[in-house]
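Hi there,

Here is the structure I promised to pass on to you. Please open it and keep it beside you while you read my notes below.

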Amino acid sequence: VQLQASGGGLVQAGGSLRLSCQASGRPASGYAMGWFRQAPRKEREFVCATSWYGTTTYYGEPAKGRFTMSRDTAEDTVDLQMNSLKPEDTAVYYCAATEGGDYYTQAPARREEYKFWGHGTQVTVSS
């Protein structure tokens with residue numbers, strides 16, 4: 001699976017951005033997809049993930065109440081709507097995919113469980 005993330009940019013605090021991730025080269029089985037982010041000098045952290053059917057979605061603490069993940073399985077895309085952005089949201093955002101598991105419930109939060117990664121898109125939030 002190849003993943004291409006887009007939609008990053010520069011936004012003022014309180015603003016919104018919408019990231020998209022396009023998957024191509026679908027594996028033999030369905031796959032969960034997730035978003036992670038990595039700020040300078042910090043570990044890559046979990047943002048959110050959704051199952052293959054989009055029936056289960058988990059959010060990490062930074063995303064709860066502000067970010068919404070959506071999935072279009074037919075188009076092989078996932079979007080991340082980010083609202084009320086803060087300077088601490090500044091990071092490179094990566095989409096990731098992992099195949100297998102339960103198509104309704106598998107939505108891993110651990111980056112080690114993801115097999116495929118995109119190159120990331122930069123999000124910068126100014127104060």
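**A buried glutamine, a disulfide and some salt bridges**

Gln106 counts as buried, at 19% relative accessibility; the cut-off for buried is under 20%. Please keep in mind that this is a predicted model. Where does Gln106 lie? You will find Gln106 in the loop between E9 and strand E10 (116–117). Leaving aside neighbours within four places in sequence, Gln106 is in contact with several residues, among them Ala32, Trp52, Thr98 and Gly101. Thr50, Ser51, Glu99 and Gly100 also belong to that set of contacts.

Next, have a look at the cysteines. The structure holds 1 disulfide, and it joins Cys21 to Cys95, with 2.0 Å from S to S. Cys21 lies in strand E3 (residues 17–24) and Cys95 in strand E9 (residues 91–99), so this bond ties together parts that are 74 residues apart in sequence. Is the disulfide right-handed or left-handed? The torsion about the S-S bond of Cys21 and Cys95 is about 60°, so the disulfide is right-handed. Cys21 is buried, with 1% relative accessible area, and Cys95 is buried as well, at 0%. Cys48 is in no disulfide: the nearest cysteine sulfur belongs to Cys95 and is 11 Å away. Cys48 is also buried, with a relative accessibility of 0%.

Now for the charged residues. Side chains of opposite charge can pair when their charged atoms come close. How many salt bridges does the structure hold? There are 9 salt bridges in the structure.

Glu45 is partly exposed, at 30%. Arg37 also forms a salt bridge with Asp89, where the closest N and O atoms are 2.8 Å apart. Asp89 lies in the loop between strand E8 (77–82) and E9, and Arg37 in strand E4 (residues 31–38), so this pair ties together parts that are 52 residues apart in sequence. Asp89 is buried, with a relative accessible area of 1%. Together with Arg66, the residues Arg37, Glu45 and Asp89 are linked in a network of salt bridges.

Another salt bridge pairs the side chains of Arg110 and Glu113, at 3.5 Å from N to O. Arg110 is partly exposed, at 47% relative accessibility, and Glu113 is partly exposed too, at 35%.

Enjoy exploring!

Best wishes

Methods:
Residues numbered from 1 in each chain as written. Predicted model: local features only at pLDDT ≥ 70, side-chain atom pairs only at ≥ 80, totals over all residues. Heavy atoms only, no water. Disulfide = S-S within 2.5 Å. Helix = DSSP H or I, 4+ residues; strand = E, 2+ residues; numbered from the N terminus. Buried < 20%, exposed > 50% of the residue type's maximum accessible area, 1.4 Å probe, protein only. Contact = heavy atoms within 4.5 Å. Salt bridge = Lys/Arg side-chain N within 4 Å of Asp/Glu carboxyl O.
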